[in-house]
Amino acid sequence: MTSFNANKRFTGSCLCGAVSFQFAVTHIKMIYRCYCSLCRKQSGAASNAATFVQTQSFQWQQGEQWIQTYIKETGFTSCFCKQCGSPVPNALGSKPEIMWIPLGLVLEQFIPELELNFCMNSQASWAKAHETLQVFDELPELIELEKYFDMNK
């Protein structure tokens, strides 16, 4: 295992907190977003945002018993918390010395040097940049959003 003292420690957990982990790297240099249909379905969003770390720098803190793994016939793997459904880190099937880390679980703030975008040909039409009607710095009250819901009628 890599010395956690020599690197910055990053921590993460699923939505319910049952599964938690940490990894140590000098910094998170690269992140990626994948726009393929599998990643959209896995994340429930326009893209999946993740990074990779060496398995030797990764450590489960708790909750491995709560991890469920789904593997498609194609080899696409999705690991998630059985309790809350959050995607959780997993070793790449084709290269188990690399851990896939969903960025939404990482608790610390960081600024990557590089962002890669994969499968842009599969990007959903609604995921492309459009004129923004309104931007909210925080989650607005439901009453503030009602006029926007009316737009979908």
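This short report looks at confidence and cysteines in a predicted model.

Residues are numbered from 1 along each chain as its sequence is written. Because the model is predicted, local features need pLDDT of at least 70, side-chain atom pairs count only at pLDDT 80 or more, totals for chains, interfaces and linings use all residues, and side-chain values use heavy atoms, with hydrogens and water left out.

Let's start with pLDDT, the predictor's confidence in each residue, from 0 to 100. The protein has a mean pLDDT of 88, and 88% of its residues reach 70 or more. Helices (H or I, at least four residues) and strands (E, at least two) are DSSP runs, numbered from the N terminus. Confidence compares as follows:

| Element | Residues | Mean pLDDT |
|---|---|---|
| helix 2, lowest | 142–150 | 70 |
| strand 5, highest | 58–62 | 98 |

Where pLDDT is low, the predicted coordinates should not be read in detail.

Most residues other than glycine have a negative phi.

How many disulfides does a search of the whole structure find? The search finds 0, where a disulfide is a pair of cysteine sulfur atoms within 2.5 Å. Cys119 is in none, as the nearest cysteine sulfur, that of Cys34, is 3.8 Å away. The sulfur of Cys14 is 3.6 Å from its closest cysteine sulfur, in Cys16, too far for a bond.
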